[in-house]
Amino acid sequence: MLKYRLTWIALIVLVWTSMLSFGGVAAETVMLYPNIFVDPPESLVRAREFIIAGGPSDYFPPLGASVVLSSVVTVLLTWRNRRLRWWTAGAAVTFLLCEFVFSAVFFWPRNEIMFVDPVGTHSAEYLRQVAAEFVAGHWVRVAGGAVTAVLAFTTLIRWARTSAASPAASAGVQAEAGR
């Protein structure tokens, strides 16, 4: 019964965190990016001046860690269930590859160039090129976040259907309701 409860909790946390992550990336895409990347390098300087008290680098790393942690826990809890295994593993692998690995390899170096290196270090032409690469690569993150959220939600729905059809799970839920 404990594993049953933990699986529900892990799936809900996974769905919640993956949807928050995808929603954050989608919001960033439509609210921040048009302002940040409108006319580099001038817009990059304005972004540095604006994003001081908090920004994406304060929001996404802890949220990403929670998606990774909940993915790992959920994969472990659902691994024996063949109807769920690959949905959960797919969500975890998609997030790890598109959000974490791709960000570390592709975005972090570009963030350094655009937002950490001292202003004037790079030519305007180079900054425009890096900004264009960043915006183009961002769609991998958007797609990965969407796929992760859909796979996580699909797993939750499949788990709910499996649990509703399982006499043992239903008996456990009814016994708990009687407490």
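Is R110 buried or exposed? With a relative accessibility of 18%, R110 comes out as buried, where buried means under 20% relative accessible area, exposed means over 50%, and partly exposed covers what is in between (1.4 Å probe, protein chains only). This is a predicted model, so to speak of local features a pLDDT of at least 70 is needed, side-chain atom pairs count only at pLDDT 80 or more, and totals for chains, interfaces and linings use all residues. Residues are numbered from 1 along each chain as its sequence is written, and side-chain values use heavy atoms, with hydrogens and water left out.

On to the overall fold. The protein chain has 6 helices and 0 strands, and read from the N terminus its elements go α-α-α-α-α-α. Helices here are DSSP runs of H or I with at least four residues, strands are runs of E with at least two, and both are numbered from the N terminus. The chain is more spread out than a compact globule, because its radius of gyration is 20 Å, well over the 16 Å that the globule rule gives for 179 residues. That radius is taken over C-alpha atoms, and the rule is 2.2 Å times the number of residues to the power 0.38. Along the principal axes, the C-alpha atoms fill a box of roughly 65 × 30 × 20 Å.

Take the contacts (heavy atoms within 4.5 Å) between residues at least 6 apart in sequence: 79% of them join residues at least 24 apart. The chain exposes about 10100 Å², with carbon and sulfur atoms supplying 70% of it; areas come from the Shrake-Rupley method with a 1.4 Å probe, and for residues only the protein chains shown count as cover. On the charge side there are 14 positive and 11 negative side chains, and the centres of the two sets lie 24 Å apart. Lys and Arg count as positive and Asp and Glu as negative, while His and the chain ends are not counted.

The UniProt record, an unreviewed entry, puts "transmembrane region" at residues 59-79, 86-108 and 138-157. Residues 59-79 are 95% helix and 0% strand, with end C-alpha atoms 30 Å apart. For residues 138-157 the figures are 100% helix and 0% strand, and the end C-alpha atoms lie 29 Å apart.

H138 sits in helix α5 (residues 124-165) and is buried, at a relative accessible area of 1%. Leaving out residues up to four places away in sequence, H138 touches V25, E28, T29, Y33 and F107. V25, in helix α1, is buried too, at 3% relative accessibility. With the sequence neighbours up to four places away again set aside, V25 touches F60, E99, H138, R141 and V142.

Helix α4 (residues 82-116) holds W86, which counts as exposed at 57% relative accessibility. W86 and I51 are 35 residues apart in sequence and 39 Å apart in space, C-alpha to C-alpha. R110 also lies in helix α4, and beyond its neighbours within four places in sequence it is in contact with V130, E133 and F134.

One backbone detail remains. Most peptide bonds are trans. P40 and P41, however, are joined by a cis peptide bond, with omega about 5°. P41 is found in the loop between α1 (2-36) and α2 (42-50).

Technical notes:
The place of a charge is taken as NZ of Lys, CZ of Arg, CG of Asp or CD of Glu. UniProt positions are given in the numbering used here, feature names are shortened, and annotations may be inferred rather than shown by experiment.
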